[in-house]
Amino acid sequence: MEEQMEEKYQKMREFSRVDVIIPLGVRLISSEERQRVKARISGDITSIPLPTEEPADRVLTEWLKIINSKLDYLINLWNLREGDFCSLSSTEVNISGGGMSFMSDSPYNKGDILELKTVLEAPSPMALYLYGDVLKCEKLNGAYRVAVQFINIEEDIRDHIVRFVFYRQRQILRQKKEI
């Protein structure tokens, strides 16, 4: 059993990690909901069919790309407001592509499944519903340090988290250079 636990931690350590403050809402998933949990982007519109070929006019292509990125930004802002992501409290977390740890007022049991509602801002805001299997919950100074491993997460969402981690690490390095 200990070997399996150590293997899980080693696998999670394959990803770069960063300490950040992000909006975070945590909810314990009931046993009835467990079968239906799957990480997702709030308001994901990836099912909209896109043209397979770019227009022959290069200037038109560049303008369409600019308009598309602006529309993506506006859709993300709309989703933040509609999904009640604006009311999430800021929480210090340690996050990687494999999972996260955070402080909580509530204790959780090993094996509990948590819904983690958050917004990652890099390079543009993206509202996410992530799900984590509680690996550890330790009492520290009247609160609890909770460590979760992401479950039922597609690689495109994990890639977004990894890009966010690298983005924040670059910001931290730039700040250190300025000092």
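## Pairing of strand β1

In this predicted model, strand β1, which covers residues 18-28, runs antiparallel to strand β3, residues 89-95, and seven bridges join the two. Strand β1 is also joined to strand β5, residues 113-120, in this case by five bridges and again in an antiparallel arrangement.

## Salt bridges around R27

The salt bridges in the model come to four when a side-chain nitrogen of Lys or Arg must lie within 4 Å of a carboxyl oxygen of Asp or Glu. One of them pairs E33 with R27, whose closest N and O atoms are 3.1 Å apart. R27 has a relative accessible area of 34% and is therefore partly exposed, as this value falls between the 20% limit for buried residues and the 50% limit for exposed ones.

## A link between two loops

A further salt bridge joins E154 to K38, with the closest N and O atoms 2.6 Å apart. E154 lies in the loop between β7 (143-150) and α3 (155-178), whereas K38 lies in the loop between β1 and β2 (40-41), so this pair ties together parts that are 116 residues apart in sequence. Both partners are partly exposed, E154 with a relative accessible area of 36% and K38 with a relative accessibility of 44%.

R158 forms a salt bridge with E155, and here the closest N and O atoms are 3.4 Å apart. The two residues both belong to helix α3, where they are three residues apart, or about one turn of the helix. R158 has a relative accessible area of 14% and so counts as buried, the cut-off for that class being under 20%.

## A nonpolar surface patch

On the surface, L60, L64, I67 and L71 form a nonpolar patch, and together these residues have about 340 Å² of accessible area. L71 is found in helix α2, which spans residues 58-82, and its relative accessibility of 45% means that L71 counts as partly exposed.

Notes:
Residues numbered from 1 in each chain as written. Predicted model: local features only at pLDDT ≥ 70, side-chain atom pairs only at ≥ 80, totals over all residues. Heavy atoms only, no water. Patch = residues over 30% accessible without salt bridge, like charges linked within 9 Å, V, L, I, M, F, W, Y side chains within 5 Å. Areas by Shrake-Rupley, 256 points an atom, 1.4 Å probe, with all protein chains shown as cover. Helix = DSSP H or I, 4+ residues; strand = E, 2+ residues; numbered from the N terminus. Buried < 20%, exposed > 50% of the residue type's maximum accessible area, 1.4 Å probe, protein only. Pairing = 2+ DSSP bridges.
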